[in-house]
Amino acid sequence: MSRSDYNNVVLGAGLAGLSTAYHLGPDTPVFEAAQRAGGECVTDAVGGYAFDRSGHLLHLRTPEVKALIQKLLPNAFQPVARDARIHIGSAEVRYPFQANTFGLPPAVKAKCLWDYLAAVTTPGRKPPKNFSQWARQSFGREISRLFFEPYNQKLWTVPPSDLTLEWMGPYVPKPDLPTVFRGAFGDQPGGGGYNASFNYPKQGGIEVLPQALAAQLTQLHLNAPAVKLNLRQRRVRIQGQGEVTWKHLISSVPLPALAAMLDQAPKKVTEAAQKLNSNSVLVINLGVARAKIHPAHWLYFPEKEYTFYRVGFPSNFGQVAPEGCSSLYAEVALPAGTGWGQRKAYARKVCADLVRAGILQAGDTVQVEHMQYLPYAYVIFDADYTRARQEILTYLEKHGVQCIGRWGHWEYSAMEDAILAGMKVAEAVK
Ligand SMILES: Cc1cc2nc3c(=O)[nH]c(=O)nc-3n(C[C@H](O)[C@H](O)[C@H](O)COP(=O)(O)OP(=O)(O)OC[C@H]3O[C@@H](n4cnc5c(N)ncnc54)[C@H](O)[C@@H]3O)c2cc1C
């Protein structure tokens, strides 16, 4: 078997792996299982439409990532002010729900506000133990019942009472009392939260970003999955390429998959790997021969009777559909590894639900239907999460393996974080 020796080796050519190699030096070897670079940040071109793997909108908060993107893709992105809404009953209210009950029927709104006031003025409460308790304590019973409970159950595929609070960070806005009241009595365009505006390519889909990084690299090996990892000898076997040795291995391979590659891992590591939990997402993309089928950028669907938890309209923020046509994606969250076999049945149900929601009309021509599957979509922050993840990461780190990225580091994070993680690990290794 052939053998190549390197100082630094990167596994996975999603944004995290690409950024790592870019910052370590363009001749750093990157081994990627798929036929193309980009990981989950790729765009499929089908019948004149460009479909990302559901919404992939770039939020930029750090000067270093902003500068990098401006250097690689000068003026390629445009800022967009978010228009996100929640479909509830026959109403559509602005996101975030808790600060925008304005559009709800008066009796429902009154109950939301009453329960909200009761929740935030109750003295001496015990700290919440799970997400469900947190939502009720923060926003009251009615807002939880209408939005937080059903939406999060759908998204995570587990009861919100099984979720810890570790994942929330910027992802769940907590407006103050005046904002909640202002949003109950008047329309508040602009909303709040971490994604009040976002960036999207002026031309084409989000794949321009990983492609710009990949173009800088000279040792990007595609169709080259890592299959076996020997930590004592610091060797990784790459299918079709033989053995590779390393001093530093930087992996963005999903953590459960990396753990499964370990040669003679201790029992506590293999047991910890079994406890890592995530969901999968099936994305059903449609190209529709009608302009502007909906005015929003995306809609959340908390209600059980809709299959999807979110529907987005990329043709409202990017040049991704033919003139006079619209594109949409519907996201269906499923227990890990399930759903792809039933994709046609899901697609039929999604189309029926889109008609029921008033998004598709009876006479619409669906020109293109394109499905995608994200096997590890959302890492589930349950009671086992912290300890199990730490057990594996500590063991790997002790043997010179740095894990990065949303699924490599087993976290809830976004594209900017993946790029940043690559920058930081490169600095540390150097
Ligand atoms: C439904 C959904 C919507 C999202 N929307 C947004 C959004 O709007 N904005 C945003 O900023 N972020 C969004 N994200 C997050 C974003 O997709 C990730 O943060 C980012 O793509 C993570 O990049 P990564 O490099 O860590 O992982 P990945 O992109 O998964 O890259 C890992 C790479 O490793 C490769 N690999 C796997 N196994 C092996 C192996 N054995 N050997 C070699 N290579 C291997 C994979 O093929 C892949 O290319 C979303 C995520 C999901 C699930």
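His 297 sits in the loop that links strand 15 (279-288) to strand 16 (298-300); helices (H or I, at least four residues) and strands (E, at least two) are DSSP runs, numbered from the N terminus. This is a predicted model, in which local features need pLDDT of at least 70 and side-chain atom pairs count only at pLDDT 80 or more, while totals for chains, interfaces and linings use all residues. Residues are numbered from 1 along each chain as its sequence is written, and side-chain values use heavy atoms, with hydrogens and water left out.

With a relative accessible area of 7%, His 297 is buried (buried means under 20% relative accessible area, exposed over 50%, partly exposed in between, with a 1.4 Å probe and protein chains only). Not counting residues up to four places away in sequence, His 297 touches Val 80, Ala 81, Arg 82, Asp 83, Phe 198, Gly 312, Phe 313, Asn 316 and Phe 317; contact means heavy atoms within 4.5 Å. The loop between strand 15 and strand 16 also holds Lys 292. At 52% relative accessibility, Lys 292 counts as exposed.

Let us turn to the nonpolar cores. A nonpolar core is a set of buried Ala, Val, Leu, Ile, Met, Phe, Trp, Tyr and Cys residues joined through side-chain atoms within 4.5 Å. The largest such core has 83 residues, and Leu 11 and Trp 156 touch the most other members. Helix 5 (residues 141-156) gives the most to this core, with 7 residues. Apart from it lies another core, of 35 residues, including Ala 13, Leu 209, Ala 212 and Leu 213. Trp 156, leaving aside its neighbours within four places in sequence, is in contact with Leu 163, Trp 167, Asn 279, Tyr 378, Val 379, Ile 380, Phe 381 and Tyr 412.

Helix 1 (residues 15-24) has 9 of its 10 residues buried, so it is largely enclosed by the rest of the structure. The buried residues in helix 1 are Leu 15, Ala 16, Gly 17, Leu 18, Ser 19, Thr 20, Ala 21, Tyr 22 and Leu 24. After helix 1 comes Gly 25, with a positive phi near 140°.

| Helix pair | Angle | Axis separation |
|---|---|---|
| Helix 2 (residues 63-72) and helix 12 (residues 415-429) | about 95° | 10 Å apart |
| Helix 4 (residues 131-139) and helix 5 | roughly 150° | within 9 Å |
| Helix 3 and helix 6 | about 175° | 11 Å apart |

Angles under 35 degrees count as roughly parallel, over 145 as roughly antiparallel, 65 to 115 as roughly perpendicular and the rest as oblique. Helix 2 and helix 12 are therefore roughly perpendicular to each other. On the helix 2 side, Glu 64, Val 65, Leu 68 and Ile 69 meet Glu 416, Ile 419, Leu 420 and Met 423 of helix 12. This contact comprises 6 nonpolar, no polar and 2 charged residues, where Ala, Val, Leu, Ile, Met, Phe, Trp, Tyr, Cys and Pro count as nonpolar, Asp, Glu, Lys and Arg as charged, and the others, Gly among them, as polar.

Helix 4 and helix 5 come within 9 Å at roughly 150°, which makes helix 4 roughly antiparallel to helix 5. From helix 4, Phe 131, Ser 132, Ala 135, Arg 136 and Phe 139 make the contact with Arg 141, Ile 143, Ser 144, Phe 148, Glu 149 and Asn 152 of helix 5. By class, these are 5 nonpolar, 3 polar and 3 charged residues.

For helix 3 and helix 6, the angle is about 175°, making helix 3 roughly antiparallel to helix 6. Lys 109, Leu 113, Tyr 116, Leu 117 and Val 120 in helix 3 meet Leu 177, Val 180, Phe 181, Ala 184 and Phe 185 in helix 6. The contact divides into 9 nonpolar, no polar and 1 charged.

Finally, a few backbone details are worth a look. Most residues other than glycine have a negative phi, and most peptide bonds are trans. Thr 157 has a positive phi near 65°, and lies in the loop between helix 5 and helix 6 (177-185). Thr 157 is partly exposed, at 22% relative accessibility. Lys 292 has a positive phi of about 45° although it is not a glycine. Tyr 95 and Pro 96 are joined by a cis peptide bond, with omega about 0°. Pro 96 belongs to the loop between strand 8 (91-94) and helix 3 (106-121).

Technical notes:
Axes are lines fitted to C-alpha atoms, for helices over the stretch in contact, and angles run from 0 to 180 degrees between N-to-C directions.
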